[in-house]
Protein chains: 4
Amino acid sequence: MSSTYGEKIKISVFGESHGNGIGVVIDGLPAGVKIDMDKVLVQMSRRAPGKDKTATPRKESDLPKVLSGMLGDTLTGAPLCAVIENTNTKSGDYGNLLNCPRPGHSDYTAYVKYNASNDIRGGGHFSGRLTAPIVFAGAICRQILEEKGIKIAAHIASIGNVNDKSFNPVSIDDKLINKLSNSSFALIDDSVEEKMRAEVESARLAQDSIGGTIECAVSGIEAGIGEPMFEGVEGVIAKAVFGVPAIKGIEFGKGFELSKMRGSQSNDPFEYKDGKVVTKTNNCGGILGGITNGMPVIFRAGVKPTPSISKEQDTVDLQKKENAKLVIKGRHDPCIVPRAVPVIEAVTAVAILNLL
Amino acid sequence: MSSTYGEKIKISVFGESHGNGIGVVIDGLPAGVKIDMDKVLVQMSRRAPGKDKTATPRKESDLPKVLSGMLGDTLTGAPLCAVIENTNTKSGDYGNLLNCPRPGHSDYTAYVKYNASNDIRGGGHFSGRLTAPIVFAGAICRQILEEKGIKIAAHIASIGNVNDKSFNPVSIDDKLINKLSNSSFALIDDSVEEKMRAEVESARLAQDSIGGTIECAVSGIEAGIGEPMFEGVEGVIAKAVFGVPAIKGIEFGKGFELSKMRGSQSNDPFEYKDGKVVTKTNNCGGILGGITNGMPVIFRAGVKPTPSISKEQDTVDLQKKENAKLVIKGRHDPCIVPRAVPVIEAVTAVAILNLL
Amino acid sequence: MSSTYGEKIKISVFGESHGNGIGVVIDGLPAGVKIDMDKVLVQMSRRAPGKDKTATPRKESDLPKVLSGMLGDTLTGAPLCAVIENTNTKSGDYGNLLNCPRPGHSDYTAYVKYNASNDIRGGGHFSGRLTAPIVFAGAICRQILEEKGIKIAAHIASIGNVNDKSFNPVSIDDKLINKLSNSSFALIDDSVEEKMRAEVESARLAQDSIGGTIECAVSGIEAGIGEPMFEGVEGVIAKAVFGVPAIKGIEFGKGFELSKMRGSQSNDPFEYKDGKVVTKTNNCGGILGGITNGMPVIFRAGVKPTPSISKEQDTVDLQKKENAKLVIKGRHDPCIVPRAVPVIEAVTAVAILNLL
Amino acid sequence: MSSTYGEKIKISVFGESHGNGIGVVIDGLPAGVKIDMDKVLVQMSRRAPGKDKTATPRKESDLPKVLSGMLGDTLTGAPLCAVIENTNTKSGDYGNLLNCPRPGHSDYTAYVKYNASNDIRGGGHFSGRLTAPIVFAGAICRQILEEKGIKIAAHIASIGNVNDKSFNPVSIDDKLINKLSNSSFALIDDSVEEKMRAEVESARLAQDSIGGTIECAVSGIEAGIGEPMFEGVEGVIAKAVFGVPAIKGIEFGKGFELSKMRGSQSNDPFEYKDGKVVTKTNNCGGILGGITNGMPVIFRAGVKPTPSISKEQDTVDLQKKENAKLVIKGRHDPCIVPRAVPVIEAVTAVAILNLL
């Protein structure tokens, strides 16, 4: 009851970082939709590590093999299973983690939950590598959504204290969506890239890591999607987004900023525009009462710094039952925010397709 | 598929603000637990309106009638249904809303979703009044949790720009929990009450409203609760919390602040304390990899200002298909944050009981 | 996780035989459908006891009160809750059952499951009386299905060794459907009624009870409904039908008879008829691979004899931990098959609406 | 929303007969259980075709490859994915089926449901071959159940008109369970094997097929398992069993026979035996009110004859929109009942593990 998501479109993610393979089963896909596998690979590539200094130099061969659910390039309506084989798994690096859980990681909680039977190598099922099949599933769902005119894009809203511009919440053009959703360092304002990379490099040189935020927009979604209360759009998206490792916060529209505002400022006034009901502002992030109002759905997710850092840290030795020091060897992303952007888009695509 | 929540403990909320009655069915409760109905009524009373100037003067008779699932004061294990009759429903106030949706409300989205067949009176099923049965359900779940040593308390973390103190995230004593979870204006630092009430009164005098934030803590929860990925503690709690009207953001532990931190700052070091593994800090809010680590679970939720304000607002007339002005008559809470505190506790109780 | 059914249309049944009230919440109903409440009451009345010698003389006042989800006679799209108050509950009759479980009843299994905290009075939540809200829910769903041209009817296929005729499986006319679905002793061949009533009377005079079978048909359902494997039409209907007390078997089309047949006999040949693909026979009960083929869906359910009989029976005394004799006092149906017919129709309506 | 089953233990089956591979993801397995893979392969081998004249001579290489969820021979608690590669897929045989649906098969219903985009080759996702991963999942669940003292066995209760003996419903010894659950032609009374094989051979020589029934027993299951109403043991098992192709009926205990009995015959009297409450008979199949009573759970499933027969059959040509004749080439099982026995055991194991 853990690694599955969704009612209409059900994804079931499996695999461990250093096991035989990882993958996903997607159940409930519509028959007859043609899939452009090159576009899927673009999404996989955006998430893949090793592209530059912001990411781990570990090479992944993330080519997914589709076992079922497609005939040629067309969805058959049967469950689609895609498998990515694990190669280049250097387990030796992780030996001492068995006894000494890494601060900020799931090592300790998994140890308790699974009675020490879990696969600790590379984080096992908790590894960030498991986001690869999620991106695959999202890339399939995204193409189905695009047929309905719904587009999804996210960008690096901030890394440390360096901020990108925000989306114009009442109008997001397709050009921007296309640019962002094909970029591996997705920014609205490209001029901040250098500063952001410097922020990451500074953390890396300090044997440290750095967090950030991601802003995501869904355009072209009509009014009336979502249910009241517990199946509202916010809750459905939040459940999907918190399925992504390292996410510790989510806010819709103006989010936490609303808590300092007055109603006369935060309420989005309605007006007719080209014969259609729109709002003049979009502080609610396109959602009222859990239901879309026809404006872009917009949210921000907070990403904690990668917990794997090279600096010495305090931990415990679970065998000796005493305090211990830990130095994590191996290669790690000093900042996973850029690679998390397509993952956020992916879970959003799965969530939105479930809401339709 | 809307107003239900949970897998193990399933709650199904029903009713409209001005219908015959509202209530909840709770399915999956354990047999044999004794319920102190007075304690349930304390929770209902914390949420009830009309206590002071921060709340609407509308009187509610929120006494729930238990139709099933209890024999005397003991849970039988069968579904528990509690009904609250609606009285004092002055529908006349809401006439013009049928055509002119209130900004910030669900009027428009419900109109689109339900093809104008929804019950608009008093917000219908979207009314904040529907949180009364949620508080009832939470009060039952809370007593079951207390038998297991798990306690839940929340407080008004902020109203507008006035902040309460935060929980000490590594140690929350029962005295504080008890104080907060019985208070109708729950604060850690009572000295800020006056300032907060002034903030609300200022909004009220301006025919306006004001937002805030709520911080919630779960103490006594052992390590190993929750599932990886999509059934992680964050996602399960978030889905419940976004079921509460006016919530637009949620963050766990240090939340969005983590996005500006470095890993060496944000990672919570482990140590042995009294033979038990604890963390020295609790930036992760008691959750690693979606699973509890034995520290208090802590999160903050952002509450938008009540959308019902007396000031004139821009809207549309859906019949005449033209822009319109709206003045909302009737009595409204200038700030719902104090009354939302027990609601947040309630959904958290339901969520946590589902996770065990 | 027990008394709920369905994903799209979720029903949550609550109540005990001798509690304050029983009822149902139906979540997921479409907005805007007009409900003819008189037709709902016809269904309730078909299930109600006390009409003649085949049923218990106990009077029930089964008038449901709709608390929510309707505005006037129209569904609003919000959860519909209907409550039936319990009156005429003569608990005294059931005293000795606390210690001495009735053979064939749920007394013993509920005692074990709920640690003796369950409400034993009148069977508690296991009482046949709980089928009243199920019939209510089915009557609502039925009207929604009728708008789509889908009709449901069942009849008493047999009581003891007396059999009614079967449906013509390839063609069921509306006249028959209407007759059956409005009858309280539903038969295709009315000439067998006398014999069936004699069979029941014979059992009654012997202080005994008698079982039977019910055959149910769904007409007007188009091809392509249902999912492969575990969400096939057979499985979805079976899960609903086994929710009805006393049902111990279900078979679709020719059912168990198929197991003695050869493929050349059991396969239903396809042919074009009026430009539409039909089958010449309907041994499969309108379902191939879990999916409807456009022919009527037909199944039979086996009903065990009412376990409550006046004859002395062997049981145990759970307090004294010794064997005991039991004589059940009070008034009981010698045969529940006629009253179970509308209940089978009701759960079928809920199941089919979930499949669409 | 189709090929998944279960809440606690969730299985998600994927693959098509002639695709790249088939398999299953099992989510929710307990960590730390050691799996004897040889025993898993015994179960797979019982289902595998080609062992003798009752089965298709088509060879399958059904060796499953475990991609995740195990470390050495131990379950890690993470989702277990097993993949079976497809080899020996002779698609040529199935060409004409694209236009001319086979009577008794899912060809036509899948054509309608999936808008002709489904993979028709070898039945695609509807192929009996998809029961291989189901048997794999059941074999894992079975070993977990055995740790709790719960054992499952089924046998060929009948083929055509030849019957095996039935289980002694009040006492099933481990020796019998072990014998049956390791046999590929599982019979209680081995002396009927010859007659049964003759029945199958007779059908085969007539270019025809033959149906049968399977009886399944679960021993060692304690009282109190299951929920009232829609999550009763009958409904949960039935939903799983109807997920197996060709099953058209299920009955628990005496099943349909009960409908001809009187209450005094069908009620199972309680008695104390060795200090434990048991029933003297077991007509209810170990289930009262949807909940186990501590006696063996027993049910029978009806299997229709294999629809693939060599005889010429009437069908339609969906392209030419006219009636047509069909002769199915290729090799087919004249009787799938023996191979269906381990499949029924497998889904029962998954269902029971979900109920605990």
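Trainee: What makes you say the copies meet through the same surface?

Mentor: Keep in mind that this is a predicted model. Of the interface residues of chain A, 100% are also interface residues in chain B, so both copies use the same surface. By count, 101 residues of chain A are in contact with 101 residues of chain B.

Trainee: And why are the two copies said to be related as by a two-fold rotation axis?

Mentor: Chain A superposes on chain B by a rotation of 180° with 0.0 Å of shift along its axis, at an RMSD of 0.0 Å. The copies are thus related as by a two-fold axis.

Trainee: How much area is buried between chain A and chain B?

Mentor: About 8100 Å², with carbon and sulfur atoms giving 64% of that. On the chain A side, Met229(A), Phe230(A) and Lys248(A) lose the most area to chain B, together 11% of what that side buries.

Trainee: Why is Lys248(B) with Glu234(A) called a salt bridge?

Mentor: The cut-off is 4 Å between a Lys or Arg side-chain nitrogen and a carboxyl oxygen of Asp or Glu. Here the closest N and O atoms are 2.8 Å apart, so the pair qualifies.

Trainee: What makes strand E11 of chain A and strand E11 of chain B a pair?

Mentor: Pairing needs at least two bridges, and these strands, residues 247–252 in each chain, have three, in the antiparallel sense. Within that pairing, Glu251(A) stands opposite Gly249(B).

Technical notes. Residues are numbered from 1 along each chain as its sequence is written. Chains are lettered from A and ligands numbered from 1 in the order in which they are written. This is a predicted model: local features need pLDDT of at least 70, side-chain atom pairs count only at pLDDT 80 or more; totals for chains, interfaces and linings use all residues. Side-chain values use heavy atoms; hydrogens and water are left out. Contact means heavy atoms within 4.5 Å. Buried area is the accessible area (1.4 Å probe) that two parts lose on being put together, summed over both. Helices (H or I, at least four residues) and strands (E, at least two) are DSSP runs, numbered from the N terminus. Copies are superposed by least squares on the C-alpha atoms of residues with pLDDT of at least 70 in both.
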